[in-house]
Amino acid sequence: MVLLIKNGCVMNPAGGFEGVADVLIGDGKVWKIGKGIELEEELEEELAKKGKETEEVVVIDAEGKVVAPGLVDVHVHFRDPGFTYKEDILSGARAAARGGFTTVVLMANTKPPVDCEEILEYVLEKGAGTGIRVESCGNITLGMKGKELTDMARLAEAGAAGFTDDGVPILDEAVVKSACEAAARLGKPLSFHEENPAFIKNNGVNAGKAAEYYGIGGSDRRAEIWMVERDLALAEGTGAEVSIQHISTKEAVELVREAKKTNPHIHAEATPHHFTLTEEAAITYGALAKMNPPLREEADRMAIIEGLKDGTIDMIATDHAPHSREEKARPITEAPSGIVGLETALALGIRELVEKGHLTMMELIGLMSWKPAKFYGLDAGYLAEGGPGDCVIFDSKEKWKVEGFFSKSDNSPFLGEVLSGKVYYTVCNGRIVYQQGN
């Protein structure tokens, strides 16, 4: 298939290009970006290079819309193997495509976990049939028990994008240090879940107004602060590329900011729910707004936004975490933590960060495309001639109501809300994998 995208506002944060242009995509690659591309002339030239005579051609009129690199989400849970009633790799990929994502990195806390080559190969093989680019992390420790490192070299050779025990903090300092050293040797990144259970009485709800409302102990902010401070110190001098996942406290943002001054290998990610909501949402929406780490206070939310603005936080990642309605209907102390996020992330970024003047559209797209791709060393997240034929076409101003999801699950406090930024097309490897209305 050959795609000609006409008259869109093309944005490529990786190269700094922004302007009205046409984009010609064929054989899974961007053939040309420029004004007034004449299809017949350009197509004939490109087909001649490929030794072809004909090709199916689709023309998309993108006037008034943004044409951006396919978005990259480096923190998603597709629940396969083990929990496919919540989500599976195919349904998760469909949700990703609807949200404008063409590349995702799966977390490894499945059942069984991705702590060996066989499970990793299973995940990657299923991902290869989805239409988008599905990468996966391997576990840092065997069984996610925090005691013994996996064979990280073999997992890396088998295709692991990086390593994480997301969902479970690694409490053993020697294990964390060894993981950093091994990851540096392999040239693969580490992502750390930073919650010390010693400071948590009930997870998923902030130890503040929300916990008081429910009459529970909740999760103290010290749980994150303690772990972040420790892991930044352990990573120092190892050369490991380390990301602090789903950062939630102003203190942790400041710790990362200071660490970056001396260690260029430190990174952090923020979720749309943490830069949009505060602990009051857990009171309003109950378990639909319960997540690990929990929603905090307004000062924390604003600190996260400042971190995104000044580069302290490198990436926006959804932590897409599907759960069934039955599970989320349990009492607040028994319901699982997490919300779905792939289908609302771009729109929340537009509403909360761009429309409110915190970021430009280019900056938002960068945080959701080439910067996370760069952390994982992926050939993704940019829009340039010769690069991957991955893009999202969206109307940044068009309003739409969140009425349902392509995900198997609908655990989201954003159901029923009206958001800005409607995705019309998602293109991956030169093929349309999502079209609005289809």
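This is a short tour of the structure, stop by stop, with something to select at each one.

The model is predicted, so local features need pLDDT of at least 70 and side-chain atom pairs count only at pLDDT 80 or more, while totals for chains, interfaces and linings use all residues. Numbering starts from 1 along each chain as its sequence is written, and side-chain values use heavy atoms, with hydrogens and water left out.

**Stop 1**

Select residues 2–12 and 17–26, strands S1 and S2. S1 and S2 pair antiparallel over nine bridges; pairing takes at least two DSSP bridges between two strands. Find Gly-8 and you'll see Ala-21 of S2 opposite. The hairpin has four residues between the strands, and Gly-16 has a positive phi near 80°.

Gly-26 has Lys-29 as its bridge partner. This hairpin has two residues between its strands, and Asp-27 in the turn shows a positive phi of about 55°. S2 is largely enclosed by the rest of the structure, because seven of its 10 residues are buried. Buried means under 20% relative accessible area, exposed over 50%, and partly exposed in between (1.4 Å probe, protein chains only).

**Stop 1: the cores**

Next, select Val-104, Leu-190, Ile-247, Leu-308, Leu-346 and Phe-394, the residues with the most contacts inside the largest nonpolar core, which has 75 residues. Such a core is a set of buried Ala, Val, Leu, Ile, Met, Phe, Trp, Tyr and Cys residues joined through side-chain atoms within 4.5 Å. Helix H5 (residues 173–186) gives the largest share, six residues. A second, separate core has 17 residues, including Ile-33, Cys-391, Tyr-424 and Tyr-425.

Zoom in on Val-104: among the residues it touches are Asp-73, Phe-78, Ile-132 and Glu-135, leaving out anything up to four places away in sequence. Contact here means heavy atoms within 4.5 Å.

**Stop 2: the cysteines**

Cys-9 is partly exposed at 23% relative accessibility, whereas Cys-391 is buried at 0%. The closest cysteine sulfur to that of Cys-391 is in Cys-428, and at 9.7 Å it is too far for a bond.

**Stop 3: a serine in a loop**

Go to Ser-412, between strands S14 (391–401) and S15 (418–428). Buried or exposed? Ser-412 is buried, at 2% relative accessible area. Show its surroundings and you'll find Leu-288, Val-340 and Phe-405 in contact, again skipping residues up to four places away. A polar atom of the Ser-412 side chain sits 3.0 Å from the backbone nitrogen of Phe-414.

**Stop 5**

Most residues other than glycine have a negative phi, and most peptide bonds are trans. Check the bond from Lys-111 to Pro-112: cis, omega near 0°. Asn-292 and Pro-293 are also joined by a cis bond, with omega about -10°. Then try His-246, which has a positive phi near 25° and is buried at 1% relative accessibility. Finish at Asn-429, in the loop between S15 and S16 (431–435), where phi is near 55°.

How values were computed: Polar contact = N/O pair within 3.5 Å; in protein donor to acceptor, adjacent residues only side chain to side chain. Disulfide = S-S within 2.5 Å.
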